[in-house]
Amino acid sequence: MIVVDKLCYRSKLRYVNASEKFVFSILTLLFCVVSRSLVIAGIVFAVNSYLTVQKGKIPGLLYARLLTIPFLFLIMSTLAIIVNISKIPLDAYAIPVGSFFITGSFQSLLFGIQLIATAMASVSCLYFLSLNTTMTDFLRVLLKLRCPKILAELMLLIYRFIFVLLETASAIMVSQKSRLGNKDLRTSLDSFGKMGAGLLLRAFWRSNALYDAMESRCYDGEIRVLEEEYPVRRAEIAAIAAFELVLLGITIWRKTL
Amino acid sequence: MSKKEKILFRAAIAFALMFAVTPAVNAMHIMEGYLPVKYCIAWGAICVPFLVAGVISLKKRVAENRKAITLIAMSGAFIFVLSSLKIPSVTGSCSHMTGTGLGAILFGPAAVSILGIIVLLFQAVLLAHGGLTTLGANTFSMAIAGPLLSFGIYMLCKKLKANRKVSVFLAAFLGDLFTYCVTSIQLALAYPSEAGGVAASAVKFLGVFAPTQLPLAVIEGILTVIIVMAMESYAKPELKAIGFLKEAR
């Protein structure tokens, strides 16, 4: 149902220590955003895609499709940045419309390209993390970072419930479809709303039943599960450190230029 | 097929797939890596007081009644699932609900701020809507500003004894619009226009996103009305349990 969640269980990098993967992607992400340089964006995008597709064995086509999800936002907001309406024409291009110009400068065009590259590289960082780390491992890392206990617990429960509710929702939607529940816009809006209400009601019932089940298994305000530890490997740490140092070097070099 | 043809064939499939997938029109999550660092930090810092207030109110509710935890968690999962499903839309593109207006009306703004940040984190990691660096900015626009306005309008309409359907619609519709305005302003602050500064830039962002966001807000309003009405007609005891319908009308 959720493609990313399915894929991360198949990833060959799944059993690499989660903290390592977390630190790697967050640091890389930061360098991307701080430096805003085309060089770093290129390197990061290439490395993350190599790691995800070659090492993690995530199907390349699916990876490419996933990368297009934020495309619309990217195109539209970048357009808003590089297109100006003004009385004075700027240097890159200027199309006269009445007494105004639709115009832009070379500087903003370059900036737009940099922005697109940075954003795509950042998305590849995000995907490296989410396609190779299961959500439970990710939550454990958050807990290690001293995220409030009640939040972590809530996240664990919400993560579990998402799939329960998704299953219910898709069952309701299938039966709506089989009864012509989407024959026109009006009906489909009505069906979707009713599905939502039915889903919320089921959610409440389930939460009651779940609480009873938890209490009968001695729940006292804390969910304790056994952890599976994946060892931290020295070679991996060294590789990550080396890579981040290279990025740091390039960032400093570009900034002082 | 020769090897060359095979490669060509595969490339063609890849090319087609790239364009076959309709980009998601979601409720304007700012994508990963799109904001400069200082804005990421600033928006995150602005969210902190609201989140602290949310955690405190959450802890109080759980201390009062421990059963509340599964109920709150179910509500969070519900918002996530609702926002991950494709909704029927006019243009045929695939768009999603935010569910924040509904959340604010049903659970109150304090709970929604916490549920919102969790849902946004899951959306970023599982659906690539939004991102980790832009989590602060997105939380502010979608889990704090929008729901607060929705809740305010809903309360106001209640005081004015407006029609229930109208008040629910207005709360969800205006909350959605407000989220979209806040996001546009966030983008404009980070990227002021070369000609005209922040204000001109805000107008541009508002204009660019209007064609997708305005119909979405209307649809969100209508769906929220249908959901709330259906809930009221056959789930009164459950609604009382979450504090909605507390005061007998």
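## Close-up views of a predicted two-chain model

**View 1. Strand β1(A) is joined to strand β3 (residues 100-104) of chain A by three bridges, and the two strands run antiparallel.** The model shown here and in the views below is predicted. Two of the facing positions can be picked out by residue. Ile85(A) stands opposite Ile102(A) of β3(A), and Ser86(A) is placed opposite Phe101(A) of β3(A).

**View 2. Strands β2(A) and β3(A) make a hairpin with two residues between them.** Five bridges connect β2(A) with β3(A), and the strands run antiparallel. Pro96(A) has Phe101(A) as its bridge partner in β3(A). In the turn, Gly98(A) has a positive phi of about 60°.

**View 3. Three strands of chain A form an open sheet in the order β1-β3-β2.** The pairing in this sheet is antiparallel. Which strands lie at the edges? They are β1 (84-86) and β2 (93-97) of chain A, each of which pairs on one side only. From one strand to the next, the twist averages 30°.

**View 4. Chain A is divided into two domains, with domain 1 covering 1-145 + 232-257 and domain 2 covering 148-225.** Their C-alpha centres lie 33 Å apart. Five residues from domain 1 of chain A and six residues from domain 2 of chain A take part in the contact. On the side of domain 1 of chain A that touches domain 2 of chain A there are five nonpolar, no polar and no charged residues.

**View 5. Helix α2 (residues 18-35) of chain A packs with helix α10 (residues 234-256) of chain A, their axes coming within 10 Å.** The axes cross at roughly 5°, and α2(A) and α10(A) are therefore roughly parallel to each other. The residues of α2(A) in the contact are Glu20(A), Val23(A), Phe24(A), Leu27(A), Thr28(A), Phe31(A), Val34(A) and Ser35(A). Those they meet in α10(A) include Glu236(A), Ile237(A), Ile240(A), Glu244(A), Leu247(A) and Arg254(A). Sorted by class, the contact of α2(A) with α10(A) has ten nonpolar, three polar and four charged residues.

**View 6. Helices α5(B) and α6(B) pack with their axes 9 Å apart.** The angle between α5(B) and α6(B) is about 145°, and their crossing is right-handed. From α5(B), the contact includes Pro109(B), Val112(B), Gly116(B), Leu120(B) and Ala124(B). From α6(B), residues in the contact include Leu135(B), Asn138(B), Met142(B), Pro147(B) and Phe151(B). By class, the contact of α5(B) with α6(B) is made up of 13 nonpolar, four polar and no charged residues.

**View 7. Helix α6 (residues 135-159) of chain B also packs against helix α7 (residues 164-190) of chain B, with the axes 8 Å apart.** The packing angle is about 150°, so α6(B) and α7(B) are roughly antiparallel to each other. Their crossing is right-handed. Among the residues that α6(B) gives to the contact are Ala137(B), Ser141(B), Met142(B), Ala145(B), Gly146(B), Ile153(B), Tyr154(B) and Lys158(B). Among those from α7(B) are Ser167(B), Leu170(B), Gly175(B), Asp176(B), Phe178(B), Val182(B) and Gln186(B). The residues of the contact of α6(B) with α7(B) divide into 14 nonpolar, eight polar and two charged.

**View 8. The contact between the chains takes 60 residues from chain B and 68 residues from chain A.** Which helices of chain B each supply at least two residues of the side that touches chain A? They are α1 (3-20), α2 (37-64), α3 (68-84), α5 (109-127) and α8 (197-234) of chain B. By class, the side of chain B that touches chain A has 46 nonpolar, seven polar and seven charged residues.

Definitions and conventions. Residues are numbered from 1 along each chain as its sequence is written. Chains are lettered from A and ligands numbered from 1 in the order in which they are written. This is a predicted model: local features need pLDDT of at least 70, side-chain atom pairs count only at pLDDT 80 or more; totals for chains, interfaces and linings use all residues. Domain bounds come from an automatic or database domain assignment. Two residues are in contact if their C-beta atoms, placed from the backbone, lie within 7 Å. Ala, Val, Leu, Ile, Met, Phe, Trp, Tyr, Cys and Pro count as nonpolar, Asp, Glu, Lys and Arg as charged, and the others, Gly among them, as polar. Axes are lines fitted to C-alpha atoms, for helices over the stretch in contact, and angles run from 0 to 180 degrees between N-to-C directions. Helices (H or I, at least four residues) and strands (E, at least two) are DSSP runs, numbered from the N terminus. Angles under 35 degrees count as roughly parallel, over 145 as roughly antiparallel, 65 to 115 as roughly perpendicular and the rest as oblique. A crossing is left-handed if the near helix is turned anticlockwise from the far one by less than a right angle, and right-handed if clockwise. Two strands pair if DSSP finds at least two bridges between them.
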